[in-house]
Amino acid sequence: MSHYDVGDGPVVPVADRKPNQWLEVTCSKCGTKIMFPWAGYDMVSCETCNSTESTEGAWEAPVPSAGLQIRAAVLLRKQQEIEKQMELSVHHKHAEMAKQTMTRFVWMLGVADFLERCVFGVPVRYGKLKVYLKGWIILPPSSGFVLFPLFLMFTPYLTLLHAVPDPPSPMIYSAAHAFMALGVMCLFKAQWTEPGVIPKQPAQPPKDDIYETVNGKEVPRKWCTSCHLHRPVRASHCATCDVCVDGLDHHCHITGTCVGKRNLLAFYSFLIFTLLADITVGGTAIYTLYLGAGAKMPSLALVALWCFLGFLLLFLMWLGLTMVMTMGMTGREHKKRIFTPGSNPFDLRSPTRNVVYFLCTSWPSLIWRNEAVLNGEGDAATLV
């Protein structure tokens with residue numbers, strides 16, 4: 001910016017300034033008057049002391065000579081370049097932060113996979129699933145799915161414990177501890193239990209669908225081109241896990257595993273206990289906010305919002321799962337409208353009996369201790 005000693009004038013409001021209008025402001029550090037053309041900048045630089053000064057209190061200045069105008073234009077261009085470099089540095093900083101976050105996430109996945117191998121040994125890949133201990137434990141394709149629901153559960157819980165070390169009643173935290181412990185146990189049970197995987201068969205040409213009579217109605221058993229078998233009547237192929245699952249309700253993207261007939265009870269219990277823990281933690285945070293949280297108010301507000309959103313998600317999942325079970329259908333059958341009202345051959349004509357059938361029926365595993373399956377071979381005599 002150029003320097004031109006003139007007397008102070010009336011301040012020109014920002015709304016009344018025109019582009020390239022010459023203005024002047026006094027440097028508060030060294031007292032030098034700074035002349036500059038208005039270009040919408042909030043700050044101008046002083047050549048004498050290399051400091052910056054706000055343009056808010058600038059007044060109108062006479063048009064300088066051609067030499068001063070050229071000098072001011074050069075300094076203005078330098079300031080534009082400096083601001084552009086600052087913007088690029090900010091973008092570069094954000095990109096570096098995103099890169100570091102992704103690196104830490106990948107590192108955490110690597111640590112989780114390493115811990116899995118240390119605890120359970122080397123897995124056997126079946127489809128995209130990881131099979132441990134001869135079928136006793138089956139984990140999702142990515143180790144991050146084991147950590148993700150734990151992060152969603154424990155973040156508000158630990159934040160509340162830190163923000164409110166002394167709750168209004170000791171029973172509140174006792175209930176929260178119990179619900180969280182039961183929820184984590186059911187989560188691991190739902191993730192580690194084989195959901196009803198059907199052993200793959202040796203590669204063979206496609207075949208036509210066959211039909212099976214269920215309660216006087218013919219239900220198709222469709223041919224799976226990936227597993228090379230006629231699926232059971234309520235089975236479906238999961239593209240995420242690359243296996244056929246008997247009684248497949250849905251593939252849960254929160255737990256990262258399929259919900260089938262063998263782990264439906266564990267998943268349903270996980271929803272119930274997590275809902276109860278969510279209500280306990282969120283209710284405590286809201287009640288503490290009502291009493292006056294002081295410095296802990298932002299943390300408690302975040303906990304309350306987190307628990308409210310989690311409650312909505314979990315309640316809708318629990319409600320939808322309960323509704324389809326009372327109708328005697330799986331979530332997949334209801335979503336794809338496989339059975340019309342009154343044509344479902346699996347409906348026991350009683351909502352209670354339907355729910356008991358889904359949750360209380362014991363189903364054997366077809367791959368547990370199945371050496372042919374664990375060696376990557378099929379067992380053609382299992383289902384055909």
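Glutamate 194 has a relative accessibility of 2% in this predicted model, and because buried means under 20% relative accessible area, glutamate 194 counts as buried. Its side chain meets that of arginine 262 in a salt bridge, with a distance of 3.4 Å from N to O. Glutamate 194 lies in the loop between helix H3 (170-192) and E10, while arginine 262 lies in the loop between E18 and H4, so the pair ties together parts that are 68 residues apart in sequence. Arginine 262 is partly exposed, with a relative accessible area of 27%. Side chains of opposite charge can pair in this way when their charged atoms come close.

The count of salt bridges comes to five. One of them joins glutamate 212 to arginine 221, where the closest N and O atoms are 3.9 Å apart. Glutamate 212 counts as partly exposed at 33% relative accessibility, whereas arginine 221 is buried, with a relative accessible area of 14%. Most residues other than glycine have a negative phi.

Histidine 228 also has a positive phi, near 60°, in a residue other than glycine. Histidine 228 is found in the loop between strand E13 (223-224) and strand E14 (229-230), and with a relative accessible area of 19% it is buried. Arginine 349 likewise has a positive phi, of about 65°, although it is not a glycine. This arginine lies in the loop between helix H6 (331-335) and H7, and at 57% relative accessibility arginine 349 counts as exposed. The side chain of arginine 349 meets that of aspartate 347 in a salt bridge at 3.3 Å, N to O, and aspartate 347 counts as partly exposed at 22% relative accessibility.

At 47% relative accessibility, phenylalanine 308 counts as partly exposed, and together with Leu305, Leu309 and Leu312 it makes a nonpolar surface patch of about 380 Å².

Turning back to the strands, three of them form an open sheet in the order E10-E16-E15, with antiparallel pairing. Its edge strands are strand E10 (197-198) and strand E15 (236-238), each of which pairs on one side only. E15 and strand E16 (residues 243-245) pair in the antiparallel sense over three bridges, and the bridge partner of serine 236 in E16 is valine 245. In general, strands of a sheet pair through backbone hydrogen bonds, either parallel or antiparallel.

Another strand, E18 (residues 257-259), holds threonine 257, which counts as buried at 5% relative accessibility. Leaving aside residues up to four places away in sequence, threonine 257 touches Pro140, Ala190, Gln191, His251, Cys252 and Asn263. Lysine 29, by contrast, is exposed, with a relative accessible area of 64%, and lies in the loop between strand E2 (22-26) and strand E3 (33-37). Not counting residues up to four places away in sequence, lysine 29 touches Cys49 and Ser51.

Taken as a whole, the chain has eight helices and 18 strands, and of its 384 residues 40% count as buried. Among contacts between residues at least 6 apart in sequence, 60% join residues at least 24 apart. The accessible surface of the chain comes to about 21400 Å², of which 64% belongs to carbon and sulfur atoms.

Conventions:
Residues are numbered from 1 along each chain as its sequence is written. This is a predicted model: local features need pLDDT of at least 70, side-chain atom pairs count only at pLDDT 80 or more; totals for chains, interfaces and linings use all residues. Side-chain values use heavy atoms; hydrogens and water are left out. Patches are made of residues with over 30% relative accessible area and no salt bridge: like charges are joined within 9 Å, nonpolar side chains (Val, Leu, Ile, Met, Phe, Trp, Tyr) within 5 Å. Accessible areas come from the Shrake-Rupley method with a 1.4 Å probe; for residues, only the protein chains shown count as cover. A salt bridge is a side-chain nitrogen of Lys or Arg within 4 Å of a carboxyl oxygen of Asp or Glu. Buried means under 20% relative accessible area, exposed over 50%, partly exposed in between (1.4 Å probe, protein chains only). Helices (H or I, at least four residues) and strands (E, at least two) are DSSP runs, numbered from the N terminus. Contact means heavy atoms within 4.5 Å. Two strands pair if DSSP finds at least two bridges between them.
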